[in-house]
Amino acid sequence: MQLGFPPTTPDLHSNIQRRSKSRFVGFVFLGGLEGAKASDLKSEISIFLILGDFSIMPTSWADSVANSAESGASNSGVSRPTRSSYVPPHLRNRPPSSDPPVAASSAPAPDNNRPGYGGAAPGGSRWGGPIRELGRSGFGGGGRGGGGGGGWNNRTGGWDRGREWEANPFEKDEKDEIEEQALGEQENTGINFDAYEDIPVETSGDNVPPPVNTFADIDLGDALNKNIQRCKYVKPTPVQRHTIPISLAGRDLMACAQTGSGKTAAFCFPIISGIMKGQVAQRPRGPRTVYPLALILSPTRELSCQIHEEARKFAYQTGVKVVVAYGGAPINQQLRELERGVDILVATPGRLVDLLERARVSLQMVRYLALDEADRMLDMGFEPQIRRIVEQMDMPPRGVRQTMLFSATFPKEIQRLASDFLSNYIFLAVGRVGSSTDLIVQRVEYVNESDKRSHLMDLLHAQRANGTHGKQSLTLVFVETKKGADSLEHWLCLNGFPATTIHGDRTQQEREQALRSFKSGITPILVATDVAARGLDIPHVAHVINFDLPNDIDDYVHRIGRTGRAGKTGLATAFFNENNSSLARSLADLMGEANQEVPAWLARYAARPSYGGGRNRRSGGGRFGGRDFRRDSTFGRGGSGGVDYYGRGNSGGGFTTSSGGYGGGYGPGVVSAWD
Ligand SMILES: Nc1ncnc2c1ncn2[C@@H]1O[C@H](COP(=O)(O)OP(=O)(O)OP(=O)(O)O)[C@@H](O)[C@H]1O
């Protein structure tokens, strides 16, 4: 451990020396101390000083003396230290300041119950007590346009200063806003929180931390708070109110919350804040291997890109670097980006496995693991890859890392699988899992296969006649097959409705181009397979049409969730016929729960035992679509992975529900997009 000062002007230098003798504390950096108890290190400090230009470098006392001598008495204070040194994420990118750093946190040193990670602070992350951030007055941030940027250069292990400027991730939003204002078509960006006021919330697990009401109630750090403001998030959504304190307390979490309710921020904020504030153990230096601190996995390339874009906004000027890796795009470009440094890696499983096999990424230092669309990630298609990544590579085991699983749907069998990855977790259900409830008006129409196209045409003509067509009123049409998607797109275009398509047979470039064209309203109709069903947050999707209904009710939930997001209303229309009879019961149940009008003919279908689709796959039944499977005795004791959910009362012990009722009907202000 080093007590060091970097080269400075002689005056400042001698000042610091004086202050160090009288227990001067700059701020404490506990990097490079894997395995050491934070409490052992109280007296050992490294001091980072802001150099005259705009970097912050840790260095040793010996280095500083040597450098000082080298640079002479007239040194302006911008000499490089001779040794490469670690710079913790929360200190990277700091612009220059003449202000001295404020004192380090005097919070008591935490117990260390996580070997290698510094121990859990009371109420803080499991990797040790937060290091209080520097006073911000002198650090301003943003004064230099693109912000500090820069990355951790894994080849030299040093601070790769000035090589990379952090691009402003808000630039596009600002441009769009100006453009929309100019065209007089700016929509109200305010989220309708009244729509969420009465939301039912269910939690189970040990000592569930209480929810917060405002972002100010949580100490996320100044830089992150500033980004929250830039995103125009005035207050947390219900899932954020509940999950952020749970995650900040270092707890594992399985969270179910409706589509479009803000889950991305719910897992990003605590991760970014944790990395900013946590003690950072020195990361190993492989010649080409990078060691992210957090891993966010999602099932589709587009969703990973979207999470990356969001996370970059939240992490802007925090010094936390977010990188994305996904299939279908050139790997070399992604490797170059990774080499510039990564704190949070957002990835699709396939590309990540590739990177792990090439030893270009190691998961050894991962403290936070988040699975978005977790039920999809653990279903038959993805589970083997996820197990490989989480259990068979070098990721710290559950209980050491913090694991957070999010989705709008969580079938019980998947919950059971998921529990293998979690340790003493909290289960949270916000809202009726499986629907955006009253915000989405759901309609089901009986349409024979042969009539589907003409019926679709009727809907689109009606929309056009109503003026609900175009950039501000996008229509997403789901079909079952890739061929079906191409053919429907072609037919729509022929009939004067500009459309594009997204599915697995298109190249990644074509997929991205299709999304851009749809978002911008150039082609206000997107024909998609389930590749677009989950997670995509596309503003202005007013109407989702299930041209072909899916076989699984959860897929239906995610598909219709592309509209009616963030408190806005939307419309979902489904074409039902004999081929969909196995979905009848669960569809009727779902619609009934969401206070939607269930057509008499659908209710009759649902009542027929042969059409009921057997056991309702929706977990738990009852008013909550998702319930903690640990509370269901049919899943037996112990679950998998040897966790005793019942005997010791460690998990599933507490159980609280708060419900304010469901409101009902279509709700005031709900407008149909087409009639
Ligand atoms: N606190 C907030 N205030 C205002 N808008 C918010 C807030 N939190 C999130 N949003 C916005 O709400 C929208 C939906 O958020 P997000 O995509 O995270 O939803 P989700 O719950 O992950 O949905 P899905 O289940 O479909 O993946 C986004 O446009 C996001 O920017």
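**Exercise 1.** In which loop is the place of A566?

*Solution.* The structure is a predicted model, in which local features need pLDDT of at least 70 and side-chain atom pairs count only at pLDDT 80 or more, while totals for chains, interfaces and linings use all residues. Residues are numbered from 1 along each chain as its sequence is written. Helices (H or I, at least four residues) and strands (E, at least two) are DSSP runs, numbered from the N terminus. With these terms, A566 is placed in the loop between helix 16 (553-560) and strand 18 (570-576). Its backbone has a phi near 50°, a positive value in a residue other than glycine.

**Exercise 2.** Determine whether A566 and N207 are buried or exposed.

*Solution.* A residue is buried if 20 or more other C-beta atoms, placed from the backbone, lie within 10 Å of its own, exposed if 12 or fewer, and partly exposed in between. A566 has 20 C-beta neighbours inside 10 Å and therefore counts as buried. N207 has 11 C-beta neighbours inside 10 Å, so N207 counts as exposed. N207 lies in the loop between strand 5 (201-205) and helix 4 (222-230), and its phi, near 35°, is positive although the residue is not glycine.

**Exercise 3.** Describe the shell around the ligand.

*Solution.* A residue is near a molecule if its C-beta atom, placed from the backbone, lies within 6 Å of it. There are 19 residues around the ligand, of which Y233, G262, K263, T264 and A566 come nearest. Next, the shell is sorted by residue type: Ala, Val, Leu, Ile, Met, Phe, Trp, Tyr, Cys and Pro count as nonpolar, Asp, Glu, Lys and Arg as charged, and the others, Gly among them, as polar. The division is seven nonpolar, nine polar and three charged residues. Finally, helix 6 (residues 263-277) gives the largest share of the shell, three residues.

**Exercise 4.** Which residues have the most contacts inside the largest nonpolar core?

*Solution.* A nonpolar core is a set of buried Ala, Val, Leu, Ile, Met, Phe, Trp, Tyr and Cys residues joined through C-beta atoms within 7 Å. The largest such core has 142 residues, and A255, I272 and L587 have the most contacts inside it. Helix 6 supplies the largest share of this core, nine residues. Two residues are in contact if their C-beta atoms, placed from the backbone, lie within 7 Å. Not counting residues up to four places away in sequence, A255 touches V239, T243, K263, A266, L405, F406 and L428.

**Exercise 5.** Why do the buried residues of helix 15 lie on the same side of the helix?

*Solution.* The buried residues of helix 15 (residues 508-519) are R511, A514, L515 and F518. They cover an arc of only 95° around the axis, so they are on the same side of helix 15; the arc is that of the directions from the helix axis to the C-beta atoms. An α-helix has 3.6 residues a turn, so residues three or four places apart point the same way. On the other side of helix 15, Q509 and R516 are exposed. The buried residues pack against helix 7 (301-315), strand 14 (474-478), strand 15 (499-502) and strand 16 (525-528). After helix 15 comes G521, with a positive phi near 85°.
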